[in-house]
Amino acid sequence: MPDIHGNANPLLEAWTGPFEAPPFDRIAPRHFHPAFDAALKEARAQIDTIAADPAPPTFANTIEALERSGSALDKVARVFFNLAGAESNPDIEAIEREIAPILARHRSDTYLNDALFRRVDALKADEDSLGLTAEQARALDRYHLDFTRAGAGLPPEAKARLAAIGERLATLAAEFGQNVLADEKSWVMVLDAADLEGLPDFAVASAARLAAERGHPGKYAVTLTRSSVEPFLEFSARRDLRETAFRAWAARGESSGATDNRAIAAETVRLRAEGARLLGYESHAHYRLADTMAKTPRAARDLLESVWKPGAAAGRLEARALQEIAAREGGNFKVAPWDWRFLAEKRRKAEFDFDESAVKPYLQLDRMIEAAFYAAGRLFGLTFAERFDLTLHHPDARAWTVSRGSAPIALFIGDYFARPSKRSGAWMSNFRGQDKLDGRQLPIVVNVTNFARGGDGEACLLSFDEARTLFHEFGHALHGMLSDVTYPILSGTRVAGDFVEFPSQLYEHWLEEPEVLRRFAVHYRTGESMPEALLDKLLRARSFNQGFATVEYTASALVDLDLHLDPSPDNVDVVAFEQAELERIGMPDGIAMRHRTPHFQHIFSGGYSAAYYSYLWSEILDADAFEAFEETGDIFDAEVARRLHDFVYAAGGSRDYEDAYRAFRGRPASPAALFRKRGLDRGAG
């Protein structure tokens, strides 16, 4: 359809290429404003028609009609927000700031529409007499819950205030994420050859490439992408430069300038609390967790604290060991966060005769992608055929047709390399979700990561943690690609936050299996497989530094939860709150939060507010689930894989999450598996 001015617009046309993928070669920033205007106009008209239907409400004329409404808006928004995350520019950022509150208003107008809610509410009241299938009943329940959690049925003044809060929160979230990206783009530490002491060849090559990209050919550079700064902190022998890099990394969003996020975070927390009170909840945390597996903040806290105690104890023991290493080497300093990774690598080498830099040449990006595909083939019968006939959103991106037998089931896009236009981190998203409402709609799923490109035409080499990230995000991708439901509201990863990380974290386990590593961990120059001795050292060192890993994550999750438990955070100083919380829980010296509050995008621009605990909750499930394979003696056992496919990866949100897990495992998950996986003694003091 044309835009509201009658002009042809590729975002509003039918896409007729392979998989009906977006025609990125024809899409420009100028197309988004008119496309959003036209699609919003159409979506509003569709909602008004459903609400004003004189016929009595039925599942077809209300729920299925809602599922079909806004399809053009959904198409435009998916393209836009994928670009905003992976290929942004000043024009895209300006549009994001403008459109975010408009889309929030549209959502409020929909879910606070009295006539529309009356239809949904009537269906829910008569549910038992409607003859619904189990999936239809689940879709109805989801819609009714979404309406009530948005404020449907509240007095007009409360609904008006909730709508205003939603608009403002959308603006704040866009600004928060853009500020972090701006800080990451603007900072660079330029080095000379004399500054490279301790850096392995791959880190030197990456630093040279980054310097050239940033306008400093012949020099070396460190940036604030994790793939650049973490190897520098791990290997650089220059303590002064490690401190400079770490302090800049930790200070993102706290610049006291235009990109300072502290006031944005404080206002966000205050507005979330106000919205929760209007909806009848004690706090934002109570509101968020009511619609999760955990159900209550108390349950989430109990889990976090059960891990915190042994994790912190292990962290203190690790700190003591690192302090001894520093003293033996003549270091007259107390171990600080910028020392930890460097000294921990020395300790790992001493205790396990294991050197991370010796492993990295065997973890080529292309081979790790093949490994992820191989595991999916063994588990779920999938094949992957790379295709070169698509113009994607960036030249770095690659696409594969995903098939089972001779039938395509999805298009998978991988966008792996860091660049200034991409926000930090790693994520899965989609350009189209799966559903069968009007015939089978195949999903278009994308993984985005920030790996450092190899220098001078060399292969991109991953750390083991980065390879784990690739498997993690591909686990999310499989959750989207294997989805086999009728209704979009239940499709793929549209599940509770503390369940959505289960399929992704579970998939990480296959990376650590010798069968997979022997096949795909091959040296990028010689093609030789990883030596058995090195493979054995790698696997034995898996639980190394788990105190650090547990503490940095759990501290972030506890700060997030407590920040959102305050019922009236009217004048909160988020940094002071963070510091007080770390003192309360007894943060071990030398370890910093994985995400400090001023740049904590998960909770301020990524949908994980009061829910960063979700990774740990899902880890109970993933640890217990992988033991189901181990118990058979076959990590690709066909029957266990079938149940995993049917009840988890393909089911989306069509089943109660606890019921889905029991159907897969035959019993509830055992928390003991989590402690075994992390190598922590639950009773440690």
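Let's start at arginine 423, whose charged end sits over the ring of tryptophan 427, 3.9 Å from its centre. For a charge to sit over a ring, NZ of Lys or CZ of Arg has to be within 6 Å of the ring centre and within 35 degrees of the ring normal. Arginine 149 does this too, lying over the face of tyrosine 287 at 4.0 Å from the ring centre.

A quick word on the basis of all this. This is a predicted model, with local features needing pLDDT of at least 70 and side-chain atom pairs counted only at pLDDT 80 or more, while totals for chains, interfaces and linings use all residues. Residues are numbered from 1 along each chain as its sequence is written, and side-chain values use heavy atoms, with hydrogens and water left out.

Now, the rings. How many aromatic pairs does the structure hold? There are 41, where rings of Phe, Tyr and Trp (its six-membered ring) pair if their centres lie within 6.5 Å, and planes under 30 degrees apart count as stacked, over 60 as edge-to-face and the rest as tilted. One of them joins phenylalanine 626 and phenylalanine 629, a tilted pair at 6.2 Å centre to centre with 35 degrees between the planes. Both sit in helix H24 (residues 614-632), three residues apart, about one turn of the helix; helices here are DSSP runs of H or I with at least four residues, strands are runs of E with at least two, and numbering goes from the N terminus.

Buried means under 20% relative accessible area, exposed over 50%, and partly exposed in between, with a 1.4 Å probe and protein chains only. Ring pairs also link Phe626 and Phe629 into a cluster with Phe373, Phe384, Trp400, Phe412, Phe471, Phe474, Tyr507 and Trp510.

Asparagine 179 is at 12% relative accessibility, so it counts as buried. Its partner is asparagine 261: the two side chains make a polar contact at 2.9 Å. That term covers a pair of N or O atoms within 3.5 Å; within protein, one must be able to donate a hydrogen and the other to accept it, and residues adjacent in sequence count only if both atoms are side-chain atoms.
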